[in-house]
Structure formats: C-alpha cells, structure tokens
Amino acid sequence: MATAPTSASLDAGAVLPGVRWALVRDMKLALRSRAELGVQLLFYIIVVSLFPLATTPERNLLATMGPGVLWVAALLASLLSLPRLFAADHADGTLEQIALSPYPLPALISGKILAHWLTTGLPIVLLAPVLGFEYWMDGEALATLMLALLLGTPILSLLGAIGAALTLGLRGGGSLLALLILPLYVPVLIFGAGAVDAVRAGLGVTANVSLLGAGLLVAAVGAPFAAAAAVRIALD
Amino acid sequence: MASGNWYRYSSPATFYPLAGKMIPWFGWSAAVLAAIGLWIGLGIAPTDFQQGEAYRIIFIHVPSAWLSMFLYLVMAAWGALFLGFNTRLSAMMAQSLAPTGALMTFIALVTGSFWGRPTWGTYWAWDARMTSELILLFLYLGVMALRNAIDDPRRADRACAVLSLVGAVNVPIIYFSVKWWNTLHQGSSVSLTAAPKMAMTMLTGMLIMSFAAWFYSIAVCLYRVRVIMLERERGSAWVGELQEVEAR
Amino acid sequence: MTEFFAMGGYAFYVWGAYGLTALTLVIEVLSVRSRHHRSLEEARLAAPETTSVAAEGRP
C-alpha cells in the first residue's frame with residue numbers, strides 16, 4: 001500500500017498533487033474490493049425496484065414518483081457507502097499518517113471524496129436511464145434526471161464526508177450519520193428531483209440546474225475544509 | 001475597554017455565581033411578560049373575522065418558532081466562539097442551548113398543528129414553514145445525538161460546534177429550498193399557519209410573548225449551564241468550595 | 001367566563017395548544033432541576049475531603 005509522501009512542499013503547489021495522490025490511492029483500494037462496490041450498487045437497484053411493489057405498477061403514478069424514488073435511493077446508497085471514506089484508514093492508523101503528511105488535509109480529503117463519487121455517485125448517474133424505464137419516464141425526463149444526478153451526487157459525497165468525519169469511530173455510527181446528514185441533503189433532494197418536475201411543468205431546467213451547480217461549487221470549496229476540521233477533531 | 005474583566009467571566013468558576021444571580025431576574029421577567037402577553041392575547045385582542053378564536057394560538061406558535069430559529073443561531077455562535085477562542089464556557093453554553101431550542105421547535109410544530117386543524121382542516125400540511133421547522137428539529141436532535149455519542153467532552157464540544165455551524169449555514173438554504181418546493185406544488189401557496197390580518201393589539205401581544213419566550217429561554221439555559229458546569233468540573237476545587245456542595 | 005373557556009367552539013385546539021406548551025415548559029424546568037440535584041450529589045461525592053463534616057466522619 002502506498003505510504004504518505006514526506007518530502008512534498010507545503011505550498012499551494014501541493015494542493016493538486018495532494019488531490020491526485022489521495023484519488024489514485026483510494027481508487028486503487030476501492031477497485032480491489034470491486035465486490036463491495038457491486039453490492040452497494042445492487043442495494044440501489046433493489047431499493048428502486050421495491051417502490052412499485054409497495055405501491056402500484058400504475059403508469060402515471062410511477063412516472064410521477066420516479067424521479068423522487070431514484071433520488072431518495074441515491075441518498076440512501078450514499079449514506080451506506082460513506083463510512084468507507086474514512087473508517088478503514090482510521091482503523092489501521094493510516095488516517096493519522098495522512099493527516100500528518102505535508103499535503104494539505106483538505107486537498108487529500110477532496111481526492112478521497114472524488115474517488116468516493118466516482119465509485120458510488122457516477123454509477124448511479126449512469127444507471128438512471130435503465131432504472132428510469134422501470135418508472136415509465138420518457139427521454140426528456142431521463143435526460144434531466146441524469147443531469148440533476150450528475151450535479152447532485154457529488155454534493156452528496158461532499159456533505160457526506162463531513163458527516164463521516166464527525167462520526168468516525170462512534171457507536172451507532174450509521175444511523176447517527178443518517179440523522180446528521182439527511183437534513184443537509186434536503187435541498188439537494190428538492191432541487192434534484194424538482195428538476196424533472198420543472199421540465200414536466202414546462203418551466204425549463206435552468207433554475208434547478210443553476211442552483212445545483214451553485215451548490216456544487218460552494219460544497220466543493222467548503223466541504224473539504226469542514227471535513228478536514230472534523231477529521232482532526234476525531235483524531236485528537 | 002477592560003477586556004481583562006470580560007475574560008474573568010469566561011471561566012466557569014466566576015460565571016457560575018453570576019449565572020445564578022441572573023436566573024431569577026430573567027425568570028421573573030419572563031413570567032411578568034408572559035402574564036401581560038397572555039392578558040393581551042387571550043383577553044384584549046379582538047376575535048378574528050375569518051379564524052375565530054382559533055387564531056389565538058398564534059401567541060405561542062409564532063414566538064416559539066422565532067425562538068427555535070434564533071436559539072439555533074446563538075448555539076452556532078457559541079460554537080464559533082469556542083472554536084475561535086477555546087473557552088470551555090462557550091462550549092458549555094452551546095451545549096445548554098440545544099435542548100431548549102429543540103423544545104421550542106417541538107412547541108412550534110405542535111401548536112402549528114393545533115392551529116392548522118380548525119383553520120385549514122388538517123393537522124399537517126407540507127407547507128414551507130412547518131416543513132422547515134420539522135427539519136430544524138432534526139438538526140437540533142442531530143447535535144444532541146452527536147453530543148451523546150461522543151464520550152470525550154473535548155471532542156464532543158468541537159464536533160458539535162462544527163456540526164452546528166454547518167447546520168447554521170444550511171438553515172437558510174433549507175428554508176429557501178422548501179419554500180421553492182412548496183410554491184411549485186401548491187400554486188396558491190397555502191400556509192398552514194397563515195396569520196390573520198394583524199390588528200395592533202395582536203402584534204403587540206405576539207411581540208411581548210416573544211420577549212417572554214426569549215427571557216424564559218435565557219433563564220432555563222443559564223440554569224442548565226450551571227448544571228453542566230457542575231457535571232463537567234465536578235472534581236475541581238471551586239466546585240468543592242461551593243456553598244451548596246459543602247452544605248451537607 | 002364560559003365564553004372565555006369555550007373559545008368560540010375551538011376550546012380543544014386553543015387550550016390544547018396552550019396546555020401542551022405549559023406542560024412542555026414545566027417538564028423542561030423539572031428535568032433540569034432533577035439533573036441539578038443529581039449533579040450536586042455527585043459533586044459532593046467527588047469533592048476533595050477538606051470539609052469539617054468529612055473530618056468528623058459520617059453522622
């Protein structure tokens with residue numbers, strides 16, 4: 001396993017290398033346990049498929065519910081996979097090493113979050129058209145949904161990282177994480193699922209997409225710092 | 001400014017007796033204000049044309065809703081002070097605010113529900129304000145749950161400070177998003193807790209009740225912070241020398 | 001007077017709301033109080049043995 005470098009310089013030039021180092025490392029580790037990734041994706045698929053069984057196969061109702069269901073399932077899948085971000089490293093002491101490395105911790109965490117999104121969020125985005133067919137969603141709705149998920153799932157990873165760092169090593173970890181993060185997810189859910197509704201109502205997608213985009217920018221800048229602070233708190 | 005004086009009070013040992021003196025002042029002020037407010041709200045203010053007497057719930061619903069949001073911001077502010085200056089007392093103040101804030105949110109939700117039933121025919125409607133209050137309740141419970149899950153008080157202080165700051169930043173975003181969602185789905189934007197046109201007396205009553213609620217919250221939180229100080233500093237010399245501790 | 005309590009037919013809602021609020025606040029104060037008593041007890045147990053009562057032994 002690659003160890004944290006000790007001779008990198010501590011200036012702004014260390015940010016991107018830091019991101020890349022953490023990204024490459026986490027991707028390698030994630031791809032080694034492909035089965036785990038597959039299981040998480042399967043969870044997503046199963047949850048999405050449960051709703052029609054619980055409600056009705058009636059076409060119009062499903063079409064209305066579809067975006068919401070896919071989004072809620074994405075939230076749940078994100079929650080399920082978030083502990084993976086820090087827990088394994090924390091358990092074997094690597095996280096402390098990472099925190100001590102000369103790379104800025106927010107940069108390293110950004111890399112981890114990016115890896116998390118590539119292995120959790122992106123597959124969800126790519127699966128959306130397939131699952132959308134279960135819900136009788138038409139092409140326009142599916143395209144909107146994919147765009148919304150593309151912008152929204154990174155936000156889920158970014159905000160989720162803060163929660164994962166705060167709850168590192170705590171008892172009741174998973175449910176506690178859900179309680180902390182889900183209220184913060186609500187705006188993403190509203191604007192993400194609402195994008196499809198807006199398109200269907202003829203209002204166009206611009207407003208929702210702009211808000212999601214703005215949210216993504218703010219989260220991308222702020223969340224790594226908050227998560228870094230939370231990691232340091234957990235490690236002390 | 002004698003900043004040395006202020007720093008004195010940032011130590012639990014000096015703040016403990018000061019808080020003790022402040023509690024009766026705020027408590028009695030709250031009681032008096034509540035008496036006046038209730039007199040206005042239940043007695044003097046005229047019956048509303050549309051909502052009848054049911055609108056009188058406004059005199060607790062609105063103050064509690066305002067307090068629920070205000071207390072969260074104050075809690076986050078104490079958290080920020082703690083992260084900035086590392087004063088234990090700031091963290092303790094934040095810790096003492098959470099339960100009161102959560103209860104204010106609970107009261108706002110329950111009274112809103114009781115108000116909605118006779119006026120709009122339903123105990124719950126997913127309108128913007130009530131939904132935001134619900135999420136605010138979850139935010140409070142989250143901070144309390146996190147505090148409860150962490151054994152080390154120092155880590156708990158810092159984690160809860162970060163969490164409440166992240167929450168505080170998100171509260172306006174959440175409110176805005178819920179409002180957006182609500183107007184999109186209910187054209188005429190029904191509000192479960194829409195206030196009637198406000199006569200001057202109604203407004204005055206609401207304002208006075210808000211101050212009553214605020215002073216009550218201050219009194220209870222000062223009371224609770226004293227308890228927290230006792231719990232957390234229990235082996236220390238100043239606690240041992242307290243009159244109420246030596247008295248047995 | 002009965003008019004006041006009847007609240008124009010909305011008695012259940014108005015008094016229900018006010019009553020639950022009062023109950024909640026009372027419960028809050030009482031729970032802080034009992035927590036206060038408990039913490040005083042524990043503070044006494046944890047206090048350094050410097051008081052005269054302790055020196056004389058337990059009554």
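## The interface between chains A and B

The contact takes 21 residues from chain A and 23 residues from chain B. On the chain A side, the elements that each give two or more residues are helix H7 (139–166), helix H8 (173–200) and helix H9 (206–235) of chain A, and the largest share, eleven residues, comes from H8(A). Sorted by class, this side of chain A that touches chain B holds 16 nonpolar residues, together with two polar and three charged ones.

This is a predicted model, and its scores are ipTM 0.88 and pTM 0.90. Two pairs of chains touch, and the pair with the most contacts is that of chains B and C. Chain A and chain C, by contrast, are joined by no contact, their closest C-alpha atoms lying 23 Å apart.

## Chain A as a whole

Chain A is built from nine helices and zero strands, so that its pattern, read along the sequence, is α-α-α-α-α-α-α-α-α. Its radius of gyration is 18 Å, close to the 18 Å that the globule rule gives for 236 residues, and chain A is therefore as compact as a globular protein of that length. The C-alpha trace of chain A spans about 60 × 35 × 30 Å along its principal axes.

Of the 236 residues in chain A, 48% count as buried. When contacts in chain A with a separation of 6 or more are considered, 80% of them are accounted for by residues 24 or more positions apart.

## Helix H3 of chain A

Helix H3 of chain A covers residues 59–81, and its 23 residues, at 1.5 Å a residue, should span 33 Å; the end C-alpha atoms are 32 Å apart, which agrees with that expectation.

Which residues of H3(A) are buried? They are Gly66(A), Pro67(A), Val69(A), Leu70(A), Trp71(A), Ala73(A), Ala74(A), Leu75(A), Ala77(A), Ser78(A), Leu79(A) and Ser81(A). What covers these buried residues of H3(A) includes helix H2 (34–54), helix H6 (105–134), H7 and H8 of chain A. H8(A) also gives the largest share of the side of chain A that touches chain B.

## Chain B

Chain B likewise has nine helices and zero strands, its elements running α-α-α-α-α-α-α-α-α from the N terminus on. Along its principal axes the C-alpha trace of chain B spans about 60 × 40 × 40 Å. Buried residues make up 50% of the 248 residues in chain B, and among its contacts between residues at least 6 apart in sequence, 80% join residues at least 24 apart.

Glu241(B) is found in the loop between helix H8 (237–240) and helix H9 (243–246) of chain B. With 14 other C-beta atoms within 10 Å, Glu241(B) is partly exposed, since a residue needs 20 or more such atoms to count as buried and 12 or fewer to count as exposed. The C-alpha atoms of Glu241(B) and Tyr140(B) are separated by 35 Å, the two residues being 101 residues apart along the chain.

## Confidence in chain C

For chain C the mean pLDDT is 81, and 80% of its residues reach 70 or more. Among the elements of chain C, helix H2 (residues 11–46) has the highest mean pLDDT, 92, whereas helix H3 (residues 52–56) has the lowest, 50.

Terms used. Residues numbered from 1 in each chain as written. Chains lettered and ligands numbered in written order. Predicted model: local features only at pLDDT ≥ 70, side-chain atom pairs only at ≥ 80, totals over all residues. Helix = DSSP H or I, 4+ residues; strand = E, 2+ residues; numbered from the N terminus. Contact = placed C-beta atoms within 7 Å. Nonpolar A, V, L, I, M, F, W, Y, C, P; charged D, E, K, R; others polar. Expected span 1.5 Å × (residues − 1). pLDDT = per-residue confidence, 0-100. Rg over C-alpha atoms; globule rule 2.2 N^0.38 Å.
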